[in-house]
Amino acid sequence: MKLRLWPGSLAARTAFVLLVGLILVQGAGLTIHALDRLDVQRLGQARELAGRVVDLYRTMALTDPPRRAAVLAGLHHGPALVPALSASPPNVDLPEMPTPEQRLLRVNMNLFPLGGPNLRWREMVIYGGHFTHKAVIGMRLPDGEWLNVSAELQPLRPWHSPDFLVAFGLMTVTAAGLTLWSVRRLTAPVRTLAAAAEALGRDVNAAPLPENGPTEVAVAAVAFNTMAARIRRFVEDRTELLSAIGHDLRTPITRLKLRAEFVEDEEQRGKILADLEELEAMVSATLAFGRDARTTEPVSHLDLAELLRTILDEAGDACPDLLDKLNYEGPAHVTVQARSLSLKRVFVNLVANAVNYGGSARVRLVTRDPRMVTVEVEDDGPGIPPSELDRVFEPFHRGEPSRNRETGGVGLGLPIARNIMRAHGGDVVIANRPSGGAKATVTLPV
Ligand SMILES: Nc1ncnc2c1ncn2[C@@H]1O[C@H](COP(=O)(O)OP(=O)(O)O)[C@@H](O)[C@H]1O
Ligand SMILES: [Mg+2]
């Protein structure tokens with residue numbers, strides 16, 4: 001129950017606490033106001049009633065007993081007040097008035113002068129009270145006769161005008177509205193920051209955050225932008241280092257190739273030249289990778305399904321005898337946001353691997369998860385030895401059989417694919433299928 005009531009987001013939690021607080025404060029305020037109003041009315045009514053009753057009493061006490069009835073009948077005592085003379089105290093079907101209310105009435109009655117101590121009532125009983133809307137006061141005159149006054153009490157109202165509640169409600173609604181608005185406004189920078197972090201995860205070159213707004217927000221934005229710039233510089237430095245090493249290796253390789261020509265043993269010369277050839281290919285691939293990483297292709301909308309079909313078509317054109325072993329499964333069109341050339345490189349690499357090492361390529365595009373598209377590239381080949389599975393993403397790692405083949409490249413295909421997908425906020429993983437063959441799974445957030 002507690003878990004269900006307690007909302008998840010920072011904005012909802014803050015709003016919840018503030019609104020509950022507002023309701024409590026308004027409730028307490030309304031109660032205090034109403035109780036105070038009731039007290040004021042009780043006091044006013046007691047004072048008024050006391051005045052009128054004491055007036056009647058004094059007149060009766062000053063009048064000769066035989067003339068009292070006639071005088072009483074001639075008195076103006078207003079509506080809602082019924083005095084009567086009697087030989088006995090009032091005989092009514094009402095409980096005695098509660099002590100606090102009775103005390104209030106008695107104190108107020110004692111405040112009015114009677115005209116002399118000998119006029120003081122000998123006894124007084126009070127029945128009823130606000131809960132019965134009626135008060136009956138019996139006073140024994142100095143000579144023993146009773147003056148019994150029955151009075152109607154106005155019901156107490158917790159607030160005076162009916163507009164009060166409307167105004168109070170309006171005030172509460174306005175305060176609640178202001179609370180919700182300011183909570184939304186206050187938590188907006190958190191959402192912006194989260195979105196910026198998310199964007200940075202997909203693209204190190206994402207636009208910086210605006211560094212304005214309230215001080216704390218501006219400070220956070222500056223810190224975030226500084227962090228993004230450092231990450232960017234770090235990545236750039238690494239790529240530059242890679243390119244520089246590749247570049248500097250070219251000259252000695254060329255020199256070695258020239259020198260190798262002087263090796264007399266033909267077999268040895270052939271082997272040395274082949275090794276140098278491989279070394280050169282690796283350096284070229286490294287330089288190409290460095291170049292790619294430095295050119296910042298813009299992110300754009302592209303049709304992933306279309307891209308995958310094109311890649312399969314091109315693979316089919318390259319080796320027509322494989323045509324029926326290349327197929328695509330999935331929706332006809334799926335729009336994603338990505339760098340189109342980089343994404344093409346990823347899938348060209350994966351399809352080429354499937355074709356070269358597995359002899360077939362089945363590409364499946366899955367859009368079940370609304371936040372993620374998944375592309376699976378499967379083949380029916382031998383798969384990857386379990387001991388190699390972790391290492392195929394290492395640069396220049398090639399499986400033992402692929403080294404001797406004419407196929408594939410220098411072992412940079414998978415590391416580059418992973419690099420590109422991670423720069424998009426996605427990933428590439430590779431696994432063996434239970435029924436044989438390898439399966440590369442590419443995820444890309446949408
Ligand atoms: N579908 C596959 N089936 C079997 N082995 C594979 C498959 N894909 C990749 N590999 C292995 O992983 C190694 C690394 O792949 P990759 O990085 O693309 O380099 P390259 O293709 O240049 O050798 C390959 O040499 C190969 O041994
Ligand atoms: Mg490859």
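Student: Which residue stands opposite Leu302 in E7?

Tutor: In this predicted model, Leu302 faces Val336 of strand E7.

Student: What makes E5 and E7 a pair of strands?

Tutor: At least two bridges are needed for two strands to pair. Strand E5 (residues 300-303) and E7 share four bridges in the antiparallel sense, so the two count as paired by that cut-off.

Student: Which residues make up the covered face of E7, and which the uncovered one?

Tutor: Strand E7 covers residues 335-338. Val336 and Ala338 are on its covered face, while Thr335 and Gln337 are on the uncovered one. In a regular strand, side chains alternate between the two faces of the sheet.

Student: Why are E6 and E10 called edge strands?

Tutor: The open sheet of five strands runs E6-E8-E9-E11-E10, with mixed pairing. Strand E6 (326-329) and strand E10 (427-432) each have a single partner strand, so one side of each lacks a neighbour in the sheet. Direction ignored, neighbouring strands of this sheet are turned by 15° against each other on average.

Student: How do you know that E6 and E8 pair, and in which sense?

Tutor: E6 and strand E8 (residues 361-366) have four bridges and pair in the parallel sense. The cut-off is at least two bridges, so E6 and E8 qualify. Glu329 stands opposite Arg364 in E8. Helix H8 (residues 304-318) packs on this sheet and touches E6, E8 and strand E9 (372-378). The direction of H8 makes about 175° with that of E8.

Student: Why do E1 and E2 stand at the edges of the sheet of four strands?

Tutor: The order in that open sheet is E1-E4-E3-E2, with antiparallel pairing. From one strand to the next, the twist averages 15°.

Student: How many bridges join E2 and E3?

Tutor: Seven bridges join E2 to strand E3 (residues 134-140), in the antiparallel sense. Gly128 has Ala135 in E3 as its bridge partner. Helix H2 (residues 10-62) packs on the sheet, touching E1, E3 and strand E4 (146-152). The direction of H2 makes about 155° with that of E4.

Student: What makes Glu400 exposed or buried?

Tutor: Glu400 has 8 C-beta neighbours inside 10 Å. A residue is exposed at 12 or fewer, so Glu400 counts as exposed. Glu400 lies in helix H10 (residues 400-404). Its C-alpha atom is separated by 9.6 Å from that of Glu388, 12 residues apart along the chain.

Student: Which residues touch the most other members of the largest nonpolar core?

Tutor: Leu308, Val351 and Ala361 do, in a core of 40 residues. Leaving aside neighbours within four places in sequence, the contacts of Ala361 include Leu312, Leu326, Val351 and Val377. A second, separate core has 23 residues, among them Met97, Leu105, Trp146 and Leu147.

Student: How do you know that domain 2 and domain 3 are in contact?

Tutor: The chain is divided into domain 1 (2-152), domain 2 (203-296) and domain 3 (299-445). Six residues of domain 2 are in contact with seven residues of domain 3. A contact requires C-beta atoms within 7 Å, so these residues meet that limit. On the side of domain 2 that touches domain 3, five residues are nonpolar, none is polar and one is charged. The C-alpha centres of domain 2 and domain 3 lie 23 Å apart.

Notes:
Residues numbered from 1 in each chain as written. Chains lettered and ligands numbered in written order. Predicted model: local features only at pLDDT ≥ 70, side-chain atom pairs only at ≥ 80, totals over all residues. Axes fitted to C-alpha atoms, helices over the stretch in contact; angles between N-to-C directions. Contact = placed C-beta atoms within 7 Å. Domains from an automatic or database assignment. Nonpolar A, V, L, I, M, F, W, Y, C, P; charged D, E, K, R; others polar. Core = buried A, V, L, I, M, F, W, Y, C linked by C-beta atoms within 7 Å. Buried ≥ 20, exposed ≤ 12 C-beta atoms within 10 Å, placed from the backbone.
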